Amino acid sequence: MGLNDDSPAYTARVSFKSGGKDAKTLKSATTQINRPTEVTVDVTGVGILTIVAESDDCGCVLGLGSPVLHRC
């Protein structure tokens, strides 16, 4: 994951949650422009995965590249 090139140069906090509004956080990570971050999230038993990106300027655009789902 990483920030789109048009995003402001602020760090973004990204949360991967199971479910909707009151979801349990499965994993949290941070990312910056030009610094992609590899994240592995265990989604065993998860029916809905919510991904939330937040930054101090509220203008980040998150990019997910080559997402892969593995079956164990």
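Modeller: L49, I51 and L64 form a nonpolar patch on the surface. Together they have about 240 Å² of accessible area. Such areas come from the Shrake-Rupley method with a 1.4 Å probe; for residues, only the protein chains shown count as cover. Nonpolar side chains (Val, Leu, Ile, Met, Phe, Trp, Tyr) are joined within 5 Å, like charges within 9 Å.

This is a predicted model: local features need pLDDT of at least 70, side-chain atom pairs count only at pLDDT 80 or more, and totals for chains, interfaces and linings use all residues. Residues are numbered from 1 along each chain as its sequence is written, and side-chain values use heavy atoms, with hydrogens and water left out.

Now to I51. I51 lies in strand β4 (residues 49–55). Its relative accessible area is 35%, so I51 is partly exposed (buried means under 20%, exposed over 50%, partly exposed in between; 1.4 Å probe, protein chains only).

T31 gives a contrasting view. T31 sits in strand β3 (residues 24–31). T31 counts as buried because its relative accessibility is 2%. Its side chain makes a polar contact with the side chain of T37, at 3.3 Å. That term means a pair of N or O atoms within 3.5 Å; within protein, one must be able to donate a hydrogen and the other to accept it, and residues adjacent in sequence count only if both atoms are side-chain atoms. T11 is 20 residues from T31 along the chain, yet their C-alpha atoms are separated by 5.8 Å.

Step back to the whole protein. It has five strands and zero helices (DSSP runs: strands E, at least two residues; helices H or I, at least four; numbered from the N terminus). Of its 72 residues, 18% count as buried. The protein exposes about 5400 Å², and carbon and sulfur atoms supply 48% of that.

Last, confidence. Mean pLDDT (the predictor's confidence in each residue, from 0 to 100) is 79 for the protein. Where pLDDT is low, the predicted coordinates should not be read in detail.

Key:
Patches are made of residues with over 30% relative accessible area and no salt bridge: like charges are joined within 9 Å, nonpolar side chains (Val, Leu, Ile, Met, Phe, Trp, Tyr) within 5 Å. A salt bridge is a side-chain nitrogen of Lys or Arg within 4 Å of a carboxyl oxygen of Asp or Glu.
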